[in-house]
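This briefing goes through one protein chain, from its overall make-up to a single residue and its surroundings. Please keep the sequence and the model in view while reading.

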Amino acid sequence: MDEIAIDTTRLSAKGQVVIPVDVRNKLQLKTGNKLLVVSSDNSIILQKADSVKQEDDYSLVKYAKNIANKIGIKI
């Protein structure tokens, strides 16, 4: 499995979230990249949109839940 990067950030008054630089670098995120946003009752998962096909949305959620469980986060 790929190395997992974990960090914290804050929500701004405008509803914006800064993605920490280590995470941006790891994922090679650039200004203007589109992100897929998946949410549950108390979790948000971001995925580079260009790396996900429409039919793979369920696989992404399953993959994200698996990773979250491994690091002790219940989603």
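**Overall make-up**

In this predicted model, the protein chain has a secondary structure of two helices and two strands. Along the sequence these elements come in the pattern α-β-β-α.

**Burial, surface and contacts**

- The protein chain has 75 residues, and 16% of them are buried.
- Its accessible surface is about 6,600 Å², and carbon and sulfur atoms hold 50% of that surface.
- Of the contacts in the protein chain with a separation of 6 or more, 21% are between residues 24 or more positions apart.

**The strand pair**

- Strand 1 pairs with strand 2 (residues 44–48) in the antiparallel sense, over five bridges.
- The link between strand 1 and strand 2 is a hairpin through four residues.
- Within this pairing, V37 lies opposite L46 of strand 2.

- K34 sits in the loop between helix 1 (21–27) and strand 1 (35–39).
- K34 has a relative accessible area of 67%; because the cut-off for exposed is over 50%, K34 counts as exposed.
- Apart from neighbours within four places in sequence, K34 is in contact with Q47, K48 and A49.
- For one of these residues, K48, the C-alpha atom is 6.3 Å from that of K34, with the two residues 14 apart along the chain.

How values were computed. Residues are numbered from 1 along each chain as its sequence is written. This is a predicted model: local features need pLDDT of at least 70, side-chain atom pairs count only at pLDDT 80 or more; totals for chains, interfaces and linings use all residues. Side-chain values use heavy atoms; hydrogens and water are left out. Buried means under 20% relative accessible area, exposed over 50%, partly exposed in between (1.4 Å probe, protein chains only). Contact means heavy atoms within 4.5 Å. Accessible areas come from the Shrake-Rupley method with a 1.4 Å probe; for residues, only the protein chains shown count as cover. Two strands pair if DSSP finds at least two bridges between them.
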